[in-house]
There are 2 protein chains.
Amino acid sequence: MTTIRDVAKHAQVSVATVSRVLNQKGYVSKKAEEAVMAAIKELDFRPNAVARTLYNKSSRMIGLIVPDITNPFFPELARAVEDIALTYGYTVVLCNADEDIKKERNYLDVLKQKYVDGIILTNNQLSFSEVDEAGVPMVALDRVIADHIPTVVSTNKIGAEMATKHLVESGCKFIAHLRGPKGLPTADQRLEGFRNVVEQSAVASVVVEADFHYERSELVTEELLKQHPSIDGIFASSDVTAAGALKAISKMGKRVPEDIQIVGFDGIPFGEMLVPSLTTIAQPIYQMGATAARLLIKLIEKKPIEGSYFELSTDLIIRETTKGEGAAK
Amino acid sequence: MTTIRDVAKHAQVSVATVSRVLNQKGYVSKKAEEAVMAAIKELDFRPNAVARTLYNKSSRMIGLIVPDITNPFFPELARAVEDIALTYGYTVVLCNADEDIKKERNYLDVLKQKYVDGIILTNNQLSFSEVDEAGVPMVALDRVIADHIPTVVSTNKIGAEMATKHLVESGCKFIAHLRGPKGLPTADQRLEGFRNVVEQSAVASVVVEADFHYERSELVTEELLKQHPSIDGIFASSDVTAAGALKAISKMGKRVPEDIQIVGFDGIPFGEMLVPSLTTIAQPIYQMGATAARLLIKLIEKKPIEGSYFELSTDLIIRETTKGEGAAK
DNA sequence: CTGAAAGCGCTAACAT
DNA sequence: ATGTTAGCGCTTTCAG
């Protein structure tokens, strides 16, 4: 491994000078600079990132912690974060907490240990509020943690209202909501939106808890439909949940959207791959990730940020699991 | 930040002693050890990982480079790698090369710079052979790079043969193969398996290139079916490709499996979510990831490895997109 | 403009 | 058994 000393020797200057040209800091004569450049090239020298990090206490890495990399929503988000980060010269370290609060803790520790410059925390089922007071800049993405942590989310409540309204307008008389895990703020907000609409419509409703896992959602739905055979509309708290519901329905021999209509939430590409394709409330996933990344980088670079709570808007995408207009799309 | 010096002072010993108890190396008197432990606890001291890395040239991190985190195959793989790595006390850094050879290069560089202890390279569309001679231990996963790099793959050719045979046995007369990108060894092997079977069966066949992206696969399939309306079987090189094909078929008003039967490749959970659910060749994804991780860790710890080419076996999973027996499943 | 030297936090000879 | 000290490779005062 060639070091800064080698370069210095080769260029007949001191290590300080080499460091100066490396960081474009301080005065360096043209001549010295050229000599150093030449030496760098000749020796194929590349500064040691770890040594730099040790001194600077900065690694130009940002950590992204997701609860379940296996849920297509998160890879999508990760791509966005990565795109932006790369643009600004940061490398992102993707950590899969696996819905395990211990793992999340562990990653948080490891990341800090590695002097990451900032961390983006995404929605975790087992959300814990006492996210470390201080240390690195953080932003919460698709997750509300605490007031003092800048947050990027989408309009969950409004989205849920749109979804429910769409179901009502499409003729549903008995609508079920497969709500997300209790205690998850985003899930709670979606439930709230659902309630708002059913309460002022003349439709029957029922709410059951599901999570964001396919098989479990399928099971829950099966159980639900057995108990309430007259359900003719389902609003699921995520697209994966909706996929499980769709499967359960098809297994029971009912048709979508003729017998039961479904609306999901998330807008992951995967919803379009289903047959029938899934009507859903699309979150601006890429934009959410990008916003969070930009926000974090501003925080890191101590630039002013305009606001600390960003709510991006959701869209109703009508596809084939509902009969509403546009279903032809 | 509390350092080893603080601890030493607090415990009234030298830094060397603290280091010794930290690393359980060398002799330390019981008394000294207890004093140090107490100080550590009291000061909530946590050794600085970066400083350690700088000295040891080892970070207890392993890098995992994937071509497209958005393809569900890879998150699945990542989970397996992570599980094993965690068990052995390694943290995995997941890098999304985005099918971009430059990004892959860059990550390779960054990882080395960070003194990762090892790297797992997974299948990249733009596979490049001259993966850096030396430096860190590496293993290739679902990807053949070079003889000297230990490799973990599945039985691609055999899997493809099973798939094609299944289609033939299910009554297909004109089978199309949506092959993966040219130059990708795994894709080439699947093609080879396909050819082997069609050549010794009395069925017509056609091969077109698709990639592992949903929309593009849908387009390719649409085009293909227009040109060859009599195709009644499709073997797709990946499940995502198959999903695209399924969509194209359903858009054209044909039925699966009545008019056209489909077999995918990968065995990602997502295939089961489709309606009809996808018959596929399942790779032992988790096992592949776990094997690669264990192999890499052995390499890192300089333990003997038994073999350097691991081929794990694939399985035919019959679901609803084919008429073969078991389709009831 | 440039160099010597201290130090980021830790480990490992080498003494004692 | 324990302490002193010299680095790991880099950056940054502080002199000159």
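## Charges over rings

R60(B) sits over the face of Y90(B), 4.2 Å from the ring centre. This is a predicted model. In chain A, R190(A) lies over the face of F265(A), at 3.9 Å from the ring centre.

## Aromatic pairs

F265(A) also takes part in ring pairing. Ring pairs join F194(A), F235(A) and F265(A) into a cluster. Over all chains, the structure holds seven aromatic pairs. One of them is F235(B) with F265(B). Their ring centres are 6.3 Å apart and their planes meet at 50 degrees, so this pair is tilted. The pair links distant parts of the chain, 30 residues apart. F235(B) belongs to strand β8 (residues 233-236) of chain B. F265(B) belongs to strand β9 (residues 261-266) of chain B. Both F235(B) and F265(B) are buried.

## Cysteines

A search of the whole structure finds zero disulfides over all chains. Take C95(A): the closest cysteine sulfur is that of C95(B). The two sulfurs are 10 Å apart, which is too far for a bond. The cut-off for a disulfide is within 2.5 Å.

C95(A) has a relative accessible area of 1%, so this residue is buried. C172(B) also counts as buried, because its relative accessibility is 1%.

## Annotated domain

UniProt, in an unreviewed entry, places the feature "domain: HTH lacI-type" at residues 2-56 of chain A. Over residues 2-56 of chain A, the model is 71% helix and 0% strand. The end C-alpha atoms of that stretch are 20 Å apart.

Methods: Residues numbered from 1 in each chain as written. Chains lettered and ligands numbered in written order. Predicted model: local features only at pLDDT ≥ 70, side-chain atom pairs only at ≥ 80, totals over all residues. Heavy atoms only, no water. UniProt positions renumbered as here; feature names shortened; annotations may be inferred. Helix = DSSP H or I, 4+ residues; strand = E, 2+ residues; numbered from the N terminus. Phe/Tyr/Trp six-rings, centres within 6.5 Å; stacked < 30°, edge-to-face > 60°. Buried < 20%, exposed > 50% of the residue type's maximum accessible area, 1.4 Å probe, protein only. Lys NZ or Arg CZ within 6 Å of the ring centre and 35° of its normal.
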